[in-house]
Amino acid sequence: MEDRFDDVGEEQERHLQRLQRMAMLGTLAAGLGHDLRNLIMPVLLRLDVLSESKDLPETARADLAGIRVSVAHLQRLAGGLRLLASDPFEQRDEVQITRLAEWWTEVMPLVVDALSPETKVTADFAASLPPVAMPPGTLAQVVVNLVMNARKAMEGTESPALAITSAYVEGIVCVEVTDNGAGMDAETRRRCFEPYFTTRPREYATGLGLSTCRALMQRFGGDVAVSTNSEPGATFSLTLPVHPSAHRDPERAWQPRLVHVSLRDPRQRALVRLMLSQRGMKEWKPGAGAAPPSHVICDAETIDDTLSQHRLEPATAVVRVIAVGTPTARSSPEDVVWIEPTRFSMLADVLQ
Amino acid sequence: MVAPSLFTVMCIDDNVMLVDALERRLALEPGFGRFYRVDAFVNAADAVAEAQPDVVLLDIDLPGGVDAVELLAELVQRTPQSRVIVFTGHPQGELVSRTMGLGAWGFVSKGIPSDRLIDAIRHVAGGEAVIELED
């Protein structure tokens, strides 16, 4: 009996050590991403200076262009490290929306670098896909995890190939990651999402990969499953919930919610525009045939003009009106949400 | 928007390679006036008050126990005519709203292409607020 307790204790100790090692790698990745940014920016600035030289031979200009391409690739890798280093279970301050086509351009270098050079990688993320309600970093961590498993499975495959496809299906977006590797037997398929289950030597695998992937996906209302009908190789299917900011118009493509921003302070305008883009919303622009905004964000000075522009009586307004400042006697209808400038970040909660 | 005829920039950053390269790059910009650097970060607020640059690029990770967010708040209070751009290799969402809420005119990640950094400096010098994060 004592031996069994010793075994369990030793196993738990090893799991703890592996988890600590993973946490350390996350910290290392974050530090590396930071240092790379600090090193790459001066290189880019110096390349700008060199490119401006009048007496530079054509061959040197071509060399400079080649260096710039390599450095840009390095910079994208640094951006990908940022995604991988974020704590997947602590994403409250992170963007909660991912536009897959844009996301893929950032994650692609990481995926390609995670595979052997001879692997053929294809991916299809249509720009018309609706945004999904998941932080980009979390999705990157899940997909890179699947890709690293695929690399292992394709060792020994003559023409390794990885295909990532995506499709919108009734309220969700489905992303499939398919490799042409050794595949999985029935037992592995059945147990692969169990914590600590692994087919690799413990020294090289934590066994936490797929179970963590599933926990992450489910945390954001999605899931991951393994398909049984891909031979040879394996297909993992991710289901991602569509972000609530996207609403379906049967006649047109996905339309984001529109927000009329009427703020005088340029700093507040810049911050609101960032908040809108992080929530899949767009700034409303006047024009013939323009759809009405769902929100109006104004201040004490602009509220009257802005509301009259939309011919809105605040008491009957269908749009949500948010004003930054202190309510004035002239412009303080009851259904306007007022936000003190010193508590501007509260706007993020009101915009949800 | 009309940019000032000659705009001046101060860079508060301990990365000497970056500061040197930025000085060289800005020297090529039409309308650029003068570049200032800070060596003693504990006296950075005094240096800004003395030079009164149009734009201050403020790294968020300063050595010597200097809290850059506190320094930002002091600069906004003391020298509001010098517009601060927070310049960081740790571009986090929370930091953007915190520093812009304190009165920064810009938030720029060090992970963007160099032309977007130069555009950001120009726009802030011209009175526009800018947030430039990695794509």
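Modeller: Start with accessibility: buried means under 20% relative accessible area, exposed over 50%, partly exposed in between (1.4 Å probe, protein chains only). Glu23(B), with a relative accessible area of 31%, is therefore partly exposed. This is a predicted model, where local features need pLDDT of at least 70, side-chain atom pairs count only at pLDDT 80 or more, and totals for chains, interfaces and linings use all residues. Residues are numbered from 1 along each chain as written, chains are lettered from A in the order written, and side-chain values use heavy atoms, without hydrogens and water.

Colleague: What makes Glu23(B) and Arg37(B) a salt bridge?

Modeller: The term needs a side-chain nitrogen of Lys or Arg within 4 Å of a carboxyl oxygen of Asp or Glu. Here N to O is 2.7 Å, so the pair qualifies. Glu23(B) sits in helix H1 of chain B and Arg37(B) in strand S2 (residues 32-37) of chain B, so the bridge ties together parts 14 residues apart in sequence. Helices (H or I, at least four residues) and strands (E, at least two) are DSSP runs, numbered from the N terminus.

Colleague: Why is Asp48(A) called buried?

Modeller: Its relative accessibility is 11%, so Asp48(A) falls under the 20% limit. Asp48(A) forms a salt bridge with Arg25(B), with the closest N and O atoms 3.0 Å apart. Arg25(B), at 12%, also counts as buried.

Colleague: And why is Lys285(A) called exposed?

Modeller: Lys285(A) has a relative accessible area of 52%, and the cut-off is over 50%, so the label holds.
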